[in-house]
Amino acid sequence: IHRYQNVERISLIKIRISKAKVLLETTDYSLSDIAKEIGFRKASSFTSQFKASTGIIPSKYREKSKKHY
């Protein structure tokens with residue numbers, strides 16, 4: 001049972017990070033607002049998870065994505 005719970009958790013994190021990327025690329029929402037929008041209570045938790053998943057903090061991701069437009 002634990003294996004399936006872990007897979008579900010990883011899938012949920014991937015979905016949240018994907019949504020965060022879209023919001024970072026297409027909006028000027030604060031990190032706090034994005035964190036809440038995707039289901040994190042604190043921006044710091046969101047930032048930690050985003051960096052763990054992507055290797056870059058959300059603000060740097062946004063900065064890089066804006067250069068491509």
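## Charges and the model as a whole

The model is predicted, so local features need pLDDT of at least 70 and side-chain atom pairs count only at pLDDT 80 or more, whereas totals for chains, interfaces and linings use all residues. Residues are numbered from 1 along each chain as its sequence is written, and side-chain values use heavy atoms, with hydrogens and water left out.

## Overall architecture

The protein contains four helices and zero strands, where helices (H or I, at least four residues) and strands (E, at least two) are DSSP runs numbered from the N terminus. Read from the N terminus, the order of elements is α-α-α-α. The C-alpha trace spans about 45 × 20 × 15 Å along its principal axes.

Of the 69 residues in the protein, 26% are buried; buried means under 20% relative accessible area, exposed means over 50%, and partly exposed lies in between, with a 1.4 Å probe and protein chains only. The protein exposes about 5,200 Å², of which carbon and sulfur atoms supply 53%; these areas come from the Shrake-Rupley method with a 1.4 Å probe, and for residues only the protein chains shown count as cover. Among the contacts with a separation of 6 or more, 48% are between residues 24 or more positions apart, a contact being heavy atoms within 4.5 Å.

## Aromatic rings

A pair of aromatic rings is described by the distance of the centres and the angle of the planes. Rings of Phe, Tyr and Trp (its six-membered ring) pair if their centres lie within 6.5 Å, and planes under 30 degrees apart count as stacked, over 60 as edge-to-face and the rest as tilted. The structure holds three such pairs. One of them joins phenylalanine 40 and phenylalanine 46 in a tilted arrangement, with 5.9 Å from centre to centre and 50° between the planes; both of these residues are buried.

Another pair, formed by phenylalanine 50 and tyrosine 61, is edge-to-face, at 5.5 Å centre to centre and 70° between the planes. This pair links distant parts of the chain, since phenylalanine 50 belongs to helix 3 (residues 43–54) and tyrosine 61, 11 residues apart from it, belongs to helix 4 (residues 58–67). Phenylalanine 50 and tyrosine 61 are both buried. Through ring pairs, Phe40, Phe46, Phe50 and Tyr61 are linked into a cluster.

Arginine 16 lies in helix 1, and its charged end sits over the ring of phenylalanine 40, 5.2 Å from the ring centre. For a charge to sit over a ring, NZ of Lys or CZ of Arg must be within 6 Å of the ring centre and within 35 degrees of the ring normal. The C-alpha atoms of arginine 16 and phenylalanine 40 are separated by 9.1 Å, although the two residues are 24 residues apart along the chain.

Leaving aside neighbours within four places in sequence, arginine 16 is in contact with Ile38, Gly39 and Phe40. Arginine 16 counts as partly exposed because its relative accessible area is 23%.

Leucine 31 lies in helix 2 (residues 31–37) and counts as partly exposed because its relative accessibility is 25%. Apart from neighbours within four places in sequence, leucine 31 is in contact with Leu24, Ala43, Phe46, Thr47 and Pro58. Leucine 31 and proline 58 are 27 residues apart in sequence, while their C-alpha atoms are 7.6 Å apart in space.

Tyrosine 29 is found in the loop between helix 1 and helix 2, and its relative accessibility of 41% makes it partly exposed. Not counting residues up to four places away in sequence, tyrosine 29 touches Leu23, Ile34 and Arg62.

Serine 65 lies in helix 4 and is buried, because its relative accessible area is 8%.

Serine 11 lies in helix 1 (residues 2–26) and is partly exposed, with a relative accessible area of 36%. The C-alpha atoms of serine 11 and lysine 66 are separated by 27 Å, and these two residues are 55 residues apart along the chain.
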